[in-house]
Structure formats: C-alpha cells, structure tokens
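This report covers folds, packing and chain contacts. Please keep the structure open while reading.

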Amino acid sequence: MPPASVPSNGTTHLTPGPAPSEPGPEQHARDQARSTDEWRNPRRARNVFLWPALLVVLLLAIFPLIASLGLALSNVQLAQGGFTIKFTGLANFNNLLFGAERNIFLGQFKPPTILGWTTFIGGGLLMAYVLVRYLRSGRVSALGIVGRALGIAALTAFLWMLANTLLGDGGRPGTLTVTILYVVLGTGLEYLIGLGLAWLTIQHLSGQRFFRVVFLLPITITPVGIAYMFRMLTDNQSGPFAPLFAAAGMSNFSVLGDPWGARLAVIIGDVWQWTPFIFIVLLAGLEGRDIETEEAGLVDGAGRWQIFRHITLPMIIPVSATVILIRTIEAFKIIDLPSVLTGGGPGTASESVTLQAFQSWRAFNLGSSAAVAYSLLIVVTIVATAYARLVLPRTHRANA
Amino acid sequence: MSFAKNRFVIGLPIIALIVGACGSAAPTAAPTAPPVTAAPVTLPPVTAVPVTLAPVTAVPITPAPETVAPPTSESSASPATSAGAKDFSGVTVNVVTFTGPPIAEPLQRHGAEWEKATGGKINVTTAPFSDLFQKEATDLATGTNSFTLYTMSSSWLGSFAGQGYFQDLTSLVPTYPGLQWDDVVPVMQSNSSFGGKIYAVPFDSDVLSVYYRTDILGKDGVAPPKTWDEYLTIAKKYQGKDLNGDGTPDYGSCIEKAKGGVGTWQFNGVFSGFVQALGTKQGTFFGDGLTPLVNNEAMGAALDFWKASSDFGPPAEINLDQGTGRGLMTSGRCALNIDWGDMGTLPLDPTVSKVKNVVGAVVMPGSSKILDRATGKLVPCDATTCPNAVDGINHAPFNAFGGWIGAINAKADPKAQAAALDFISYVSAPEQSNPDVTTGVTGEQPFRVSQQDPALWIKAGMTADVAKNFLDTYIGASLNGPNAALDLRIPQANQYTNVLEDTAIAQFLAGELTKDEAMKQIFDGWQALTDQIGRDSQTAAYAASIGAK
C-alpha cells in the first residue's frame, strides 16, 4: 500500500470546524494536528530526510567541482599579503592540449605506423557500423543521436591520438594514454584473476576459509607500501630476485629504467593490490547465485565449462559490470604506484594524469594542476557515462 | 534483477566519480629529497690532487645515520647568554619544517633547550619535503598563519619575501645578541636576504661538490676531475671494476638522476660551470629581458655530459634516488658522485659506510669554454671571458637549494615574533651550530666563518689534513668563491626548475626527447611561465635574487 494512503492519527478529527474568523481552542488543536500531519506527509518527509545529505554532497562535491573549474580557468599567484586569482580563460587547457604541456599530456605525435592506421580505420568502421545499426533500429531519438555523435567524436580523437603516439612511427604516449593503459589492462587482469580466485574459493576445496583471507590481504596494505615493495622486487642489483636477474644475464638491465618495464611494473602492482576488491565482490555474487539452475544443467548433461559459461557467468554479469565500473573510475586516479615506483619515469613513460596534476600542484601551479584534473574528469565522465548507458543495460537485459 | 532496481547501484559510482575527480587535483605526496646539509668529509692526501681546488662539499638530504648520536650542544647546560636567555614565559612559537631527522632533529632538540631556558614553548610541525613548499605557501597566502617560524630552502625566499609574508629582520638580525651575524659567510647572508632586506636567519648552507674515492684514484695516480670531460674519463676507467673488494663489478659514477628527485639541482651544478663566469651577480639562468639561457651550447654541453655519464653508472641510474645513490657511494660501489656535504660525514660512520676516510671532495668541475650569451655559442675561456678561472678552467660552484633558513611570519603576534627570532638565533648561534654542522644527523653544513676552525672538525673525528682540505674547499673555494652560482630564487622557482626543467631532462635521458627538443621545451616552458606570472616582476625578482642592479 502506498504510504500516501495511510491515514494519520489526526485525520479522524478533521471534521468541518468553525469559520476561520472564529479561531478557538479546537481550531488550534486542528491546526496543530494538520501541521503534524503535513510533516508526516511522505513527500515532505522525503525532503526532510534527503536535504541534509544533499547539502553535505553539495558542500563536499559540487562546491569543489565548481571551485576547481574556477582554478582551471585562472592563474593563481602569491601576492602582497595573500594571493591573486587572474582569470585566464582557456589558457591552461590550451597549454595542455596545444602548448608546452601537450608533449607530456597527449604524447609525442608522429605519423601512424601500419598498425596505427589499421587501428584507426578499424575503429572508425566499427563506429560506423554501430551508428548505422542504431539508425536502422527504429529506436532513434534526438538525444540518442547527440550522445552517439559526441561519443564518436571523443572515440575518434582518442583513436587518432593512439595511432599517432603509441602506434606512431617514433611516437610516444602521453600521460593520458598511459593512464588509459593502466585502466584497461589493470582492470581487465584484475577481473580475470579475481573471477578465477572467486570461482576456486567456492569449489569446497580444503583450506577455503584460509585462502579467502589470504586473497584479501593485498588490499589491506597501504598503496605506498606496495609501491616500495615492488620497487624492491624490481631492483635487479640488490632485490630478492637479483640472483635470478644475474643468472639470466640481466644484471645490467633495469626493469624500471625501461619504459615498458616501468609501465608493466605499475600494472602488476596495481593488479596485485586491487584484485582482492574484485575477488570479494564476485565471491559475494557467486555465493548468492541460484545453484538450482546449475544443478538442472548438470542433470541435463552439461559440462563444467558449459555450466560456467552459459549459466554461472550470466548470473554474475550485473555485479561484474558494476564492479568493473567502480574499479575503472578508481583506476583512472592512479598515482601512488607510479609516483613511488618510478616517479613517473623513465622520462614520462609511466606517469599518470593524476601524477602530472600533482607535479604542478606541488609547485603551486594550481591553475595548470586543476586543468589537468578537469581533463581527467571529462575523460572519466565520458567513459563512465558510456559504460553506464551502453554496457550496464545490456548486462541486465542479458540476465533478465 | 531489473535495470530499474539497479539505478541506485549505477548512480553511486557516478557520484563517486565526481567526488573522486574533484579530489584528483590535489593528490597525495610524492617523494623528493630536500637538500639538507651535513658535515664535510675526509680526504687523505692524494698524490695528484690539485692544491688550488681542494675538496668541497655540498648539501642534500637523506636519511641521516640514525646510529649517530646528535651532537651535544656546547651550551646545552647553559644556553647562550644572548639568544635563548630572555624570558618568553607563556609565548608559543609554532615552527614548520620537513620530516626529519635532518633539520627537524636539531630544531626539536634545541627547542627543548630553549624552552627550558626561556619558559617559552616550541611546537615543531613537520611535513614531507615534497609538500613543504605547498604547505607553507598555502598557509601564508590564505592568511591561515598557522606558524610563526617557517624553515625552508633559501631558494623559496623569492616566492615569499616579496609578498610581505615575512617580518623584515634587517634592523634586528645584524645586532641580535649572540647571533653573530658578521660570522655568517656572505653568501648565506645573501641567501637569507631578498631585495636588500634580511628576511631570515640561516642555520645551514648548501653547495654541491664532486666526491671521489681517494684510495682508488690515489693508487692509480689519477687526479680528481677538474673538468666534466675528465670526470667522464675517470668514470669510464672505473666502470665495471670491483671497487669495494666484494667480487662484483662496480660503477665509475653514481649520480642521482631520478625524476622528481635531486637530479635537477645536480644537473644545474654541471650547467653553471658552462654559463656563469663573471661572478655571482652574473647569474646562471637568465639573460637580458629574462631570456632563459637554456637553449644554447652551454645547456647542450651539460645535457651531453648528463647522458654520457649514464653509461658509467648503475643500470638504474635514470631512476636512482638520493637514498639509494648515497647507499651505493658509502658501500664503496662508486668511484665518483655529485653530492652535497652529507657525503662528507656519511662515510665517517662505520655503521653505514665501508669507505671511511677514503672519500674526498673536489670543487665542482668546470669547463675551458664558456657561453657567449649573445650568440649562444661556447667560446674559449680567457682573462676577459673567465676572469675567475683557475688554470684556464671556469668553475661555478652551485649553491643548490641554498641552505635551510628560518623566516618569521609578519602577521604573527609581536611577542611570538620576538620569541621566534630568539629561538632561530639560538639555533644558528655558534654555540649550537658549531657542533651541529660537524654531525651528519643534523643535516646542517657549515655556514659561518668560525666554523672554518679545524679544531671543530678534528673533534668530530677528522684528521687535521682532511679537516683543512675540506674547509678550504667548502667554505674557501665554494661558499666564498667569487664565482659561486646561486640557485634560482624567483617566484615559482620550483615550477621553473623542479617541474619544467626536471621533466625535460628526464625525458631527454629516457630518449623521449632529443637534446634540441629538450632545450626548446625548457625554453618555451620558462618563457610561458614568465609571461604568465609577469615578465617585469620576474625580471626585478631575478635581479634582486642575484644581487644585480
């Protein structure tokens, strides 16, 4: 029964009373009852309960969002007795995308290799296919077209950057591409490993409880501690694996001195740290699934892989999609590992966008730092929105 | 489960996204090494050591040897009759410094002494070095004014002093009882001043030097390097040789080149020898109209050396940080390195060193060519172009970081200001600083004329020869050198050197940029930053920082 239809204690007294011009004790009692009743009105009560939380959100999230946008469009300087904020328009973004910091943020642009062209053209064809299919679907809306146009523009720009930097002939990825690499590879590996571990944990093997705890340990360690640990592990001179490096004739090879070695070390550290998060969420999903369907499949003669692929996996797809989204958003902000492990080096090979923002912030270049952070926000918003609009609904439909 | 029911689940991450992205503008700390000074080193006589260029020390930071006990203040029983002798009962001085033990340790130790003597209260707040500038700038700029006494690199004075944040001490410091201002070496008097006014009290100094293994070079009759070409020759000779007898190949040179570390200070120590020859007031970083001197043959020569030296260092030198680099040097694995004066005292501690009394220091090598600022070309040194050259070699010992100083908040209560001045004067006074500068754990290095007394250093464990050699070099040839190069001390100096220059150099080392691209990137970045801040004000600040007219 909808709450709105629930009678309150006072309604039984709401009989026609004296005229408004003759207020008396009864009228006062009725007014008071009405007033109490209004507060019990679900619509009003909803506001009472929601607004405090909304105000906190506004204070803690929206205000910094607006303030940092102001910073991104300004130049902050120490000044006589305080500081000055000079509005500079898009100068910080211009510097980031076309000026002195482009080389770091977007990377070094060189003509695409064959693989670069293939990726760019292949991506373009894929986008065209998706668009055409949408236009033919009969569910076309103005908002849908605008959203897809923006998405295609963003994806095209990204593919062009990828083709000219990471896949360019002599090109080099900037912090934006490197961060996306961390997100895609890190989150992907974390999901696969986390799913595997969760699957193993529900197999009623001996030591199940022990390993359930052990698998969670990395997430309890501070990220900076993990970074120092991996720095030690990759030290081929005095680290624990030094004898192995020596035996392999790699004593003079520095893992962290190589661009891809450094990026790989960051990814491995990130995977080691965050796999437990995905593991525990997927474990909860697996343990809460309906096993009768699986048993039915078993009775019908399905193999273990078939049961997993066609019954178990679809059942945990909604929770998988959500945990991937959360982890993706979090991964975009990676800073601890590259900062401690390599300082973003060699050069800027392992530098993330957040680390780039921090470098500017540390030198009190707040405008530039905010511009970098806002650029990241835009990218994350596009990715998260596209994921939430395009992927999540499909996963739920598939599960329905 | 329907999609509608999951809206909340979907919405949560989106909100988290917004909150998270807001926070990403100000992430957490990153490492970096604050230059902190220490005491000088020893150096047994080496046959071919040039007399005129005796060893010198420098400054940097680092985990000081915790096994070494802090020095006993000569006046700990009875604080100086001047500073530390007044009554400051009920007055609290809030001090901010970086996470020690270097620098923080002597402040805390002397704080307790000062409290006992004056009745005042000292609260020392520490922050990671990488956050310290931001912490102090934010506190001052926003008017929070949480602190009375700000300890910092003297190179930051350019960012703060001109804004009226600090108390003008010009009329107080020179005559402050017990401080003995005239005893402070001129370069540290200068580093504590800005625009002709004194804003701080120094308790440290910072000059870079090259350190070398006297036993190894002496045995082979090799003189310590006078030029950077000689440095490479020596490094090449010892690369891959076993230098500490453990049977494993070691390194000719160990330079801490990690991005975001101390490498840019050391790089500028190489660069300064190619670009500054006419004395301290000529400056190292800018020419007329504040045109950066970073896109020319001098910068090219420094970059060439920087990359070439990597061939004779540990395989991970591109990521070598200060702690690791010093560990390699004190464990006997390097023939040469560039360092501050900490490398003087660290080898003396047997608990962390295998090279006690076999590490010598020499003034930063230089060049027989100097930059012609009009053409951007390197030209041979002569009496006109390099008036301070020694044997035809121009040296410009670099005051990297410029020493730790203490400045007082102009907005603080006058009683607290007076107490802060008394406290920092107490720390700086010879009675306290003399034993401090000879002890590695303090992170302080000599900054007074009186600290040139060999007896102090002999008492600390040096031989007479080593002490004389060190002092002649560190104070005589470097701190007091006529061509000493000053660190950049203009507003946002950090952004110029520790971000823009540091990044380009790191990219050059990693092969991401060519030499020309790196120089252009630094030049363009500096020009853009200068225009953003204001060319006229920056020009005036630069002139004031080097004492030029």
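## Terms and model

Two strands pair if DSSP finds at least two bridges between them. Helices (H or I, at least four residues) and strands (E, at least two) are DSSP runs, numbered from the N terminus.

The model is predicted: local features need pLDDT of at least 70, side-chain atom pairs count only at pLDDT 80 or more, and totals for chains, interfaces and linings use all residues. Residues are numbered from 1 along each chain as its sequence is written, while chains are lettered from A and ligands numbered from 1 in the order in which they are written.

## Chain B overall

Chain B has 18 helices and 15 strands. Of its 549 residues, 64% are buried. Buried means that 20 or more other C-beta atoms lie within 10 Å of the residue's own; exposed means 12 or fewer, partly exposed is in between, and C-beta atoms are placed from the backbone.

Two residues are in contact if their C-beta atoms, placed from the backbone, lie within 7 Å. Take the contacts in chain B between residues at least 6 apart in sequence: 81% of them join residues at least 24 apart.

## The five-strand sheet

In chain B, 5 strands form an open sheet, ordered E2-E1-E3-E14-E6. The pairing is mixed. Strand E2 (121–127) and strand E6 (200–202) are the edges, each pairing on one side only. Neighbouring strands are turned by 25° against each other on average, direction ignored. Axes are lines fitted to C-alpha atoms, for helices over the stretch in contact; angles run from 0 to 180 degrees between N-to-C directions.

E6(B) and strand E14 (residues 404–408) of chain B run antiparallel, joined by 3 bridges. B:Ala200 stands opposite B:Ala407 in E14(B). Helix H2 (residues 104–118) of chain B lies across strand E1 (92–98) and E2, at about 170° to E2(B). Helix H3 (residues 129–141) of chain B packs on the sheet and touches E1, E2 and strand E3 (149–153); its direction makes about 135° with that of E1(B).

## The four-strand sheet

Another open sheet of chain B has 4 strands in the order E8-E9-E7-E10, again with mixed pairing. Its edge strands are E8 (251–254) and E10 (359–363), each pairing on one side only. The twist averages 20° from one strand to the next.

Strand E7 (residues 209–213) of chain B runs antiparallel to E10(B), with 5 bridges between them. Here B:Arg213 stands opposite B:Val359 in E10(B). Helix H10 (residues 322–330) of chain B packs on the sheet, touching E7, E8 and strand E9 (334–339); its direction makes about 140° with that of E9(B).

## Helices of chain B

Buried residues in H9(B) include B:Leu303, B:Phe305 and B:Trp306.

Helix H17 (residues 515–533) and helix H18 (residues 535–546) of chain B pack at about 105°, with axes 6 Å apart. H17(B) and H18(B) are therefore roughly perpendicular. Angles under 35 degrees count as roughly parallel, over 145 as roughly antiparallel, 65 to 115 as roughly perpendicular and the rest as oblique. The contact involves B:Thr530, B:Asp531 and B:Ile533 of H17(B) with B:Arg535, B:Ser537 and B:Gln538 of H18(B).

## Chain A against chain B

68 residues of chain A are in contact with 57 residues of chain B. On the chain A side, H17(A) supplies the largest share, 13 residues.
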